Amino acid sequence: MGAGQSTSQTEIPSRGLHVLRVTPASPAYHANIEPFFDFVVGFEGDSLSSENAIDVQELEKIVESHENRTLNLLVWNSKSQQTRVVSIIPSRVWSQQQLSLNDTHASSPNAQPSLLGLSMRLCHPETASDNVWHVLDVIEGSPAESAGLVPMGDWILGWSGGVLSAENDFYDLVEAHVDKPLRVYVYSYDFDNLREVVLIPNRHWGGEGLLGCVFGFGLLHRIPPQPEDRVPGTMPPELLEDNEHETQDLFVPADASVMQIDV
């Protein structure tokens, strides 16, 4: 995901609209905008300097004025650390088609269909991806194993309700979903993709904790950058070579100064 023409932008934008969700079949979906890693920072012709941070109201007007016409958005990606131009055609046709397939009586008659199919929040891109939970270990037979979490290769980025703003927010969320499905968004470093995982925390799976999983949180457990020559979806060389030392270099082990919690 995230195809587009790259620009010469190298500095991290001071503010941006953090993409939290991309609705399937929407214009944003077809434009390959990537949830959690993409930030809308402007539109073509707008300045990207730190003194001219994104103007949300102006962007809304631009999107409205480009209904059914091509609009070139400027999108910064936190993995590549680059800004690219994404061509998109704002339209309400796709959402109207979806509404016609569902029960429209429950919807407000004054509700306007989405033009892009994006759910976003205004934030500082530099720190927006700090709150991630690195999966360090998964106990056999645990809810985490049943959900398919991969030790060392997976990071939890958020949940169906959005992003989490502090470390304990995730653990509180798990506690609030005992014996209930919890939908979280998980990034796989090995395959460079994002997937939805359903966790069912419980106390009767036969081991300690609600998930049977050890997480790392903090500076040493943030998502490392992908190599420039890495093709998304391919197996990393360090896994193919089965070299233990290279694997340890890629993923920094848990540090005593960083809190880890069995959940």
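Predicted model: local features only at pLDDT ≥ 70, side-chain atom pairs only at ≥ 80, totals over all residues.
Is E34 buried or exposed? With a relative accessibility of 6%, E34 counts as buried, because the cut-off for that label is under 20%.

**The bridge between K79 and E34**

- A search of the whole structure turns up nine salt bridges, and one of them joins K79 to E34, with 2.8 Å between the closest N and O atoms.
- This pair links distant parts of the chain, as its two residues are 45 residues apart.
- K79 sits in the loop between β4 (71–77) and β5 (82–88), while E34 sits in the loop between α1 (27–30) and β3 (38–43).

**R92 and its two glutamate partners**

- R92 is buried, with a relative accessible area of 12%.
- The side chain of R92 meets that of E64 in a salt bridge, at 3.3 Å from N to O.
- Here too distant parts of the chain are linked: E64 belongs to helix α2 (residues 56–65) and R92 to the loop between β5 and α3 (93–101), 28 residues apart.
- E64 is partly exposed, its relative accessible area being 44%.
- R92 also forms a salt bridge with E67, at 2.7 Å from N to O.
- E67 lies in the loop between α2 and β4 and R92 in the loop between β5 and α3, so their bridge ties together parts that are 25 residues apart in sequence.
- Like E64, which is partly exposed, E67 is partly exposed, with a relative accessible area of 27%.

- The volume of the second largest pocket is about 580 Å³.
- Its lining is made up of 29 residues, and those nearest the centre of the pocket are S78, E126, A128, S129 and D130.
- By class, the lining of this pocket holds 15 nonpolar, nine polar and five charged residues.
- Helix α4 (125–128) and strand β6 (118–123) each supply at least two lining residues.
- The largest share of the lining, four residues, comes from α4.
- Both domain 1 (16–99 + 113–125) and domain 2 (131–223) take part, each giving at least three residues to the lining of the second largest pocket.

Note on methods
Residues numbered from 1 in each chain as written. Heavy atoms only, no water. 1 Å grid on protein atoms, 1.4 Å probe; cavity = no way out; pocket = protein on both sides within 12 Å on 5 of 7 lines; lining within 4 Å. Points joined across faces, edges and corners; volume = space filled by probe spheres on them. Nonpolar A, V, L, I, M, F, W, Y, C, P; charged D, E, K, R; others polar. Domains from an automatic or database assignment. Salt bridge = Lys/Arg side-chain N within 4 Å of Asp/Glu carboxyl O. Buried < 20%, exposed > 50% of the residue type's maximum accessible area, 1.4 Å probe, protein only.
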